[in-house]
Amino acid sequence: MNEIMNISLSRRQFLGLSAAAGASVLLLGVTLPTGCAKIGQTEQDQDLNAFIGIDDKGQVVFQNPFIEMGQGTYTSIPAIMAEELDVEMSAIKVVQAPHGADYKIMFDNTMRFTGGSLSVRSSYMTMRKAGATARAMLVQAAAEQWGVKPGDCTTEPGKVVHAASGRKLGYGELAEKAAKLTPPKDAPLKDSAAFRLIGQPVKRTDSLAKSTGAAEFGIDIKVDGMLHAAVMQSPVFGGKVASYDKEAVLKLPGVVAVEEIPNGVAVIADHFWHAKKALEKLPVTFDEGANAGFSTKDYKARLQAALNEPGHVAEEAGDAAKAMASAAKTIEAEYHAPFIAHVTMEPMNCTALVTQDRCTVWAPNQGVDFVVGVAAEITGLKPEAIEVITPFLGGGFGRRFVMDYAIQAITLAKKHPGKPIKVIWTREEDLQHDHYRPMSAAKFGAGFDKDGNPVALQITSVGEGPMTRLMPGFVKNSDLDTSVFEGTVELPYAIPNKRTNVVNVPVKEAPIGFWRSVGHSQNCFFKESFFDEMAHAAGADPLEFRLKLLAEQPRFKKVLETAANLAGWKAKPWADTQGLKRAMGLALHESFNSIVAEVAEVSLNQDGEIKVERVWCAVDCGFAVNPAIVKRQIESGVCFGLSAAMGEAITLEKGRVVQGNFDTYPILRPDQMPVVEVEIINSGAPLGGIGEPGTPPIVPAVCNALFLLSGQRVRSLPLSQYSF
């Protein structure tokens, strides 16, 4: 089946691999519909593609266009296809689809990446149609062999059945004949009532390999004759190498070469340890450039000053200024969020081999075509001469959209043609040269009438969004980069007068990037903390206060009520049987078309130590294609957001990152992880994303509980800077 894995086909093209290849094979490249689909709806008129191979033993090889970084795409995506093809999941081998236009199935067939919580919702109908088309061809092949009508045939997992005669043929027996047929244009789709895989907790296809150590990540890649490189980049962003003395280390054990890379230097050796030890002894000086005076303290002051600027209007309804002026009561609050790193468990790494006419790259990545782009630019080769192999990712969270680590490996491999070179960043290099979630700030103001009802809401969001910097094609107006203010507009709460302004405050002195849930991560903290402040200012229970504002939003209301009921919501703090103070906080947020409410139960001991005891979550993502994966993703999102809230913050002084490893950048320990309970609401709404929406609400939910426990309102993170 290896032949299948490396074949790229054109859209609307159907090819059969002949028996000369050693097996009977059905291989499809078909016209397919797409769209963020609603369960039960029919296909839409957009063309996409998908590829299914079936060998003569009946094994299905599914070329997945999305990468697997722990979020379950190697299970959910093939399960959708398998539902319509009518095969068991055990009959499917999932492989990574190669690069190329045929696999660009997102945004009108112009892009392909794994992120934005888009994988399942952007490909749902595509995968269903792929499976249905293949099934129809197998049925037709069987009908022709039996001399019966296709309509008289049905299927059972892996077989075509002619019930009238009791005959059955396996898909493997039919694959070669089916491969010679013309794919039907509109193969019928199953009625959703007949689903046996979609909507079920289908067992993950990658669990066994990952739990036994058999799974191969980028850092595990081994290629015959491979060399290893350790890199040292300028400690100040934008700096460059001024000088280095390679003669000082060239005679050290295993050292092969010392090379300059775009913003640093690399030592290449026979083993990573030799490369790293030599790099530590390499005399290097850097020209630190114009950013050597930058500090996060100064940037925070710039953000603070911008909170009083008018900015650009992102959303407006009614006359918020007039309503504030005439309100019976007003409140204001400012919030701040720090730079945050990704700290994926598998640090950045990439292996590359460049020859005169070929380039092969082994890169954990979130956009294989992005890797091809930089490889083509560096080597001068055409994309068809470049092969990118994507292993499992040991975490992505948006970090592996940026190709800096791949550029280094390809650059070094080009300098040493014929020699595969693996670049591995140390944890320190990874933490200090990330593309961080941007620092940001926001100012909120609310006005109430004499009965405590909110009549006005004013928001000013300030900062720089990663979208304009990294994907400018998605930004229609750089003054209104949604990644700055998403989560502060289109709020479900009914407030008659509201206005959201945006002030762009560029931070060219530091790299920024996409972090799990992007702008929602900080804006949900700001927004849901302020709504808690509003509730207390109005003298209301935070739950009842929100529910009153959600009277015309039944989906939001149901999600919030579900989470509150799960938790047994308590609006007041209490002492447990051990005398420990406990309280609940809640938050509600929509991101990536999914609505999530979370209630956190937090305790505070006499030493001021915080512990998040339990978290209850309700999620409405339209429909849970795999409920088990949805629950795990929400749990993961809680863990990720809670880790950031507790102690994560990147600070810069003199242009360089202060933190160096987990001792100075602590992440959530296993004993700090609360019990998480998740309830899914299948509302039937269009599919929402699930990889990221669990992250934003946990931070304000915890902070709102802390207010009840301590009387102290958290308006900046992390929590480790406070004394409770």
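How many cavities of 30 Å³ or more does the structure hold? I found 5. A cavity here is a set of points on a 1 Å grid over the protein atoms alone where a 1.4 Å probe fits but cannot get out, and lining residues have an atom within 4 Å of a point.

I noted the ground rules next. This is a predicted model, where local features need pLDDT of at least 70, side-chain atom pairs count only at pLDDT 80 or more, and totals for chains, interfaces and linings use all residues. Residues are numbered from 1 along each chain as its sequence is written, and side-chain values use heavy atoms, without hydrogens and water.

I looked at the largest cavity. Its volume, the space filled by probe spheres set on the points, is about 80 Å³. I counted 14 lining residues, with Arg437, Ser521, Ala644, Val699 and Leu717 nearest the centre.

I went on to the second largest cavity, of about 60 Å³. Of its 14 lining residues, Pro438, Glu464, Pro466, Ser483 and Gln522 are closest to the centre.

Then I searched the whole structure for disulfides (cysteine sulfur atoms within 2.5 Å). I got 0. For Cys350, the nearest cysteine sulfur is that of Cys359, 8.7 Å away. For Cys639, the sulfur of Cys617 is nearest, at 12 Å.

Definitions and conventions
On a 1 Å grid over the protein atoms alone, a cavity is a set of points where a 1.4 Å probe fits but cannot get out, and a pocket is an open set with protein on both sides within 12 Å along at least five of seven lines; lining residues have an atom within 4 Å of a point.
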